[in-house]
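User: I have a structure open and would like to go through its details with you. Could you take my questions as they come?

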Amino acid sequence: LRVSILNFWSRYKIELLLFLAVFGVRFAYSLVVLYGFGQHGFVSFSDADMFVRQAERFLHDGVFSRFTIPPFSPDPLRTPVYLWFLAALLGSGLSFFGVVTVQNILAGCVGVCIYRIGKRLFSAPLPGIIATLLFAVEPSSIYWNNLLMSDSLFASLFLFSICFLVERRWYWFSVLFAITTLTRPMGQYLFPLILVFLVAEQFFSLRGSFQERMRMVAWRPLLKRVTVMCLIFFSIVFPWMVRNKILFNHYELSTAGWLNLRLFTVEEFSRRNGIETTLPMPPPEYHPGEPDREPFYRYEFIIADYFKGNILALFKEYPVALPVFHITSGLQGIHNHDYGYILTYVVKAEFKQTPEFLGSLFIVAGRIFWLLVTLATLFALTRENIGGFPWLFVGLILLNALLIGHNALISAGGRYNIPQIPFWFLLGSYGWICGYRFLREKIRSRHSV
């Protein structure tokens, strides 16, 4: 047994140490929250409280419902995986602290995936080690990972599936990415981009003119692979679509898309352009007595259709200004990592005497850090033989920004960027290493002259 343990340690030493680094920092933070705020600290965000309420409703009544009093109508907004995850853990007797500990264990596994992705893509362990250590101490991912919200599980499953993709385990990737999509429906928009990447990667790996490459592409096995991946993906997500068709007469996975677009992008665009907007109010017979009946009414599919009609009408009136505002808002929010939010609602809440200059220093240091990461990422993309996956990472970052729009700029909107943080750290770490080598060679060449 001792020999087996030593062999295991010798083989996986780096992975184990990186796991402990990521998990250890998050676990230490969870202890601070537990002793500073109590169990309530893990549900201190409104969405977290709603997830717990729905998980408990599922355990007690067998339905995913956001309502506190009967009738417990099913929820059209949230997809099921995180609610199942939360209900299973709470139903097994775990406390909120126990649940976030499981989430932190998954985050530690994400750290191992970051290392393995970096090692495979860059043929060296150092970029993955640096990226994982940066991920271990990044404040935003630490904070959101210790709340009972789907963002944490979505980010973990997303990275696990990308790890399968990088290792070219196509069908396991499809299984896990479908589960990821049922954690947060944004995955349904990212999956097509990944399929396009698989085709583009094979095309651009060949040499010759466009026509020559088209002839050389192995279309039959490629299309077979893509078809099987699609069948796996849709066979997993389709039952939830059928559930929504039966309950709400809609095949969509969720009402979140049109709801968020209306409440954030359109609301802010209208405010800036002096356009009057109103939100629909529930009729008297809609869940009378429910304290949150007004916002809950806006989650319904019938209201999603209403929002869709309003948004399309606004788009016809502002065919350029509205898309430009949405796109530029998303791009501006790429590096919103909620440091100001964390400073206000976590640091100052626990340490009320925090000097203002320390808070300002924290914000400025964060901006400088992400500027350096961005510059290093751009430098990494200029390197020869970088391969296709870094470009896929950039595509996922940009598509995520375009999907989020103005959501990324609101308070606490940085949580939508958490799944992309490892991509930034991998590319940034590789860029720093390449930059160091580039400068070293320049200095050596000058001295040799």
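User: Is E267 buried, partly exposed or exposed?
Analyst: In this predicted model, E267 counts as partly exposed, at 33% relative accessibility. The side chain of E267 meets that of R262 in a salt bridge, with 2.7 Å from N to O.

User: How many salt bridges does a search of the whole structure find?
Analyst: The search finds 16 salt bridges. One of the pairs is D49 with R53, whose closest N and O atoms are 3.7 Å apart.

User: Where do D49 and R53 sit relative to each other?
Analyst: Both belong to helix 2, and because they are 4 residues apart there, about one helical turn separates them. In general, an α-helix has 3.6 residues a turn, so residues three or four places apart point the same way. D49 is partly exposed with a relative accessible area of 38%, whereas R53 is buried at 19%.

User: Which residues are linked in a network of salt bridges?
Analyst: The network links D47, D151, R184 and R415.

User: What does the side chain of R168 meet in a salt bridge?
Analyst: R168 pairs with E201, at 2.6 Å from N to O. R168 lies in the loop between helix 7 and helix 8 while E201 is in helix 9 (residues 187-204), so this pair ties together parts that are 33 residues apart in sequence. R168 counts as partly exposed, at 36% relative accessibility, and although R168 is not a glycine, its phi is positive, at about 60°.

User: Where does S123 lie, and what is its phi near?
Analyst: S123 lies in the loop between helix 4 (96-122) and helix 5 (126-137), and its phi is near 55°, a positive value in a residue other than glycine. At 68% relative accessibility, S123 counts as exposed.

User: Staying with backbone geometry, which is the cis peptide bond?
Analyst: The bond from P70 to P71 is cis, with omega near 0°; P71 is found in the loop between helix 2 (46-61) and helix 3 (81-91).

User: Back to helix 5, which residues in it are buried?
Analyst: The buried residues there are P127, G128, A131, T132, L134, F135 and A136, and they pack against helix 1 (2-37), helix 4, helix 6 (139-145), helix 17 and helix 19 (421-448). Helix 5 has 12 residues and reaches 17 Å from its first C-alpha to its last, close to the 16 Å expected.

User: Which helix gives the most to the nonpolar patch?
Analyst: Helix 17 (residues 356-381) gives the most, with 6 residues. The patch on the surface is formed by V364, I368, L371, L372, L375, L378 and W432, with about 640 Å² of accessible area together. I368 is found in helix 17 and counts as partly exposed at 47% relative accessibility.

User: Last topic: how many disulfides does the count come to?
Analyst: The count comes to 0 disulfides. C109 is in none, as the nearest cysteine sulfur, that of C113, is 7.2 Å away, and C113 is likewise in none, with the nearest cysteine sulfur, that of C163, 4.0 Å away. C109 is partly exposed, with a relative accessible area of 30%, whereas C113 is buried, at 12%.

Terms used. Residues numbered from 1 in each chain as written. Predicted model: local features only at pLDDT ≥ 70, side-chain atom pairs only at ≥ 80, totals over all residues. Heavy atoms only, no water. Disulfide = S-S within 2.5 Å. Buried < 20%, exposed > 50% of the residue type's maximum accessible area, 1.4 Å probe, protein only. Patch = residues over 30% accessible without salt bridge, like charges linked within 9 Å, V, L, I, M, F, W, Y side chains within 5 Å. Areas by Shrake-Rupley, 256 points an atom, 1.4 Å probe, with all protein chains shown as cover. Salt bridge = Lys/Arg side-chain N within 4 Å of Asp/Glu carboxyl O. Helix = DSSP H or I, 4+ residues; strand = E, 2+ residues; numbered from the N terminus. Expected span 1.5 Å × (residues − 1). Contact = heavy atoms within 4.5 Å.
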